[in-house]
Amino acid sequence: MKKIIDQLYEYIEKTYEFNEPFLLKELYDVFPDIKQGTIRESMRRLFEQGKLIKSKNGVYGLPNPYRILKMAVMNSEDAVNKKYIKSDDGTVVGYRSGFYIANALGLTTQTSSDLVIYANEVSKKKRTIRIKNIRVIINQARVKVTNDNYKLLQILDLFVDFNKFSEYSLSESKEIISNYLNGLNLSNEEIEHIVEAYPKDAQIQFYKLGGTHAFTHK
């Protein structure tokens, strides 16, 4: 019978591409009969042997044997996406917030060394981790994040302190924001429920832009 560490490594080699991040939790689910402590110890040994790369605790990958550089590097974006943004089936479970989305929309030229994320399956208490060279601030989302609502949540986050994130006034930003939210696949009731979860300043900004009817075709 194969050793546990060999069973795990064989599964990893067959399942994942080079540098594709995977979570310890995935191995726990696939091998429920193996103690989680044993799996963690096996991953530690495989990492020390150079057979795996690690972005942070709980996020691993297979190093590319054809790499030119001696040190294997896991893509930070992929690691963030895997752990906090999308589940294995492509369902959105979190989103990037703050200066990231403000910059992406062209509302500011400012950038931040910190990446702010809101996600479903995280602790209520805000915490900070490092994934490679990025400091990631993780918060629990105000409402459950879905494929249909994450864009609205991103904009409402900006509205909490709009002047901080935007170099333009709300009226100057209206077209950009409207285009981003245009055609939300949410009912009026769903939108109102989400908006109510935010502070009054954010609600006021939202309704100044036209409110629920300006962004939904449902």
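Guide: Arg44 is partly exposed, having a relative accessible area of 36%. On this scale, buried means under 20% relative accessible area, exposed means over 50%, and partly exposed is in between (1.4 Å probe, protein chains only). The model is a predicted one, in which local features need pLDDT of at least 70 and side-chain atom pairs count only at pLDDT 80 or more, whereas totals for chains, interfaces and linings use all residues. Residues are numbered from 1 along each chain as its sequence is written, and side-chain values use heavy atoms, with hydrogens and water left out.

The partner of Arg44 is Glu41: the two form a salt bridge whose closest N and O atoms are 2.4 Å apart. The term salt bridge requires a side-chain nitrogen of Lys or Arg within 4 Å of a carboxyl oxygen of Asp or Glu. Glu41 and Arg44 are three residues apart in helix 3 (residues 36–48), so about one helical turn separates them. Helices (H or I, at least four residues) and strands (E, at least two) are DSSP runs, numbered from the N terminus. Glu41 is also partly exposed, at 33% relative accessibility.

A search of the whole structure finds six salt bridges. One of them joins Glu10 to Lys14, with 3.6 Å between the closest N and O atoms. These residues, Glu10 and Lys14, are four residues apart in helix 1 (residues 4–15) and therefore separated by about one helical turn. Glu10 counts as partly exposed at 31% relative accessibility, while Lys14, at 67%, counts as exposed.

A further pair connects two strands. The side chains of Asp114 and Arg135 meet in a salt bridge with an N to O distance of 2.7 Å. Asp114 belongs to strand 5 (residues 114–119) and Arg135 to strand 7 (residues 134–140), so this pair ties together parts that are 21 residues apart in sequence. Both residues are partly exposed: Asp114 has a relative accessibility of 22%, and Arg135 has one of 33%. Elsewhere, salt bridges that share partners join Lys2, Glu10 and Lys14 into one network.

Glu20 lies in the loop between helix 1 and strand 1 (22–23), and its relative accessible area of 28% makes it partly exposed. Apart from neighbours within four places in sequence, Glu20 is in contact with Thr15, Tyr60 and Gly61; contact means heavy atoms within 4.5 Å.

Gln205 lies in helix 10 and is buried, with a relative accessible area of 16%. Leaving aside neighbours within four places in sequence, Gln205 is in contact with Phe159, Phe162 and Leu170. Gly183 follows helix 8 and has a positive phi, near 75 degrees.

For the chain as a whole, there are ten helices and seven strands, and 44% of its 218 residues are buried. Its C-alpha atoms fill a box of roughly 65 × 35 × 30 Å along the principal axes. Of the contacts with a separation of 6 or more, 57% involve residues 24 or more positions apart. Finally, the mean positions of the 32 positive and 27 negative charges are 8 Å apart. In that count Lys and Arg are positive and Asp and Glu negative, while His and the chain ends are not counted; each charge is placed at NZ of Lys, CZ of Arg, CG of Asp or CD of Glu.
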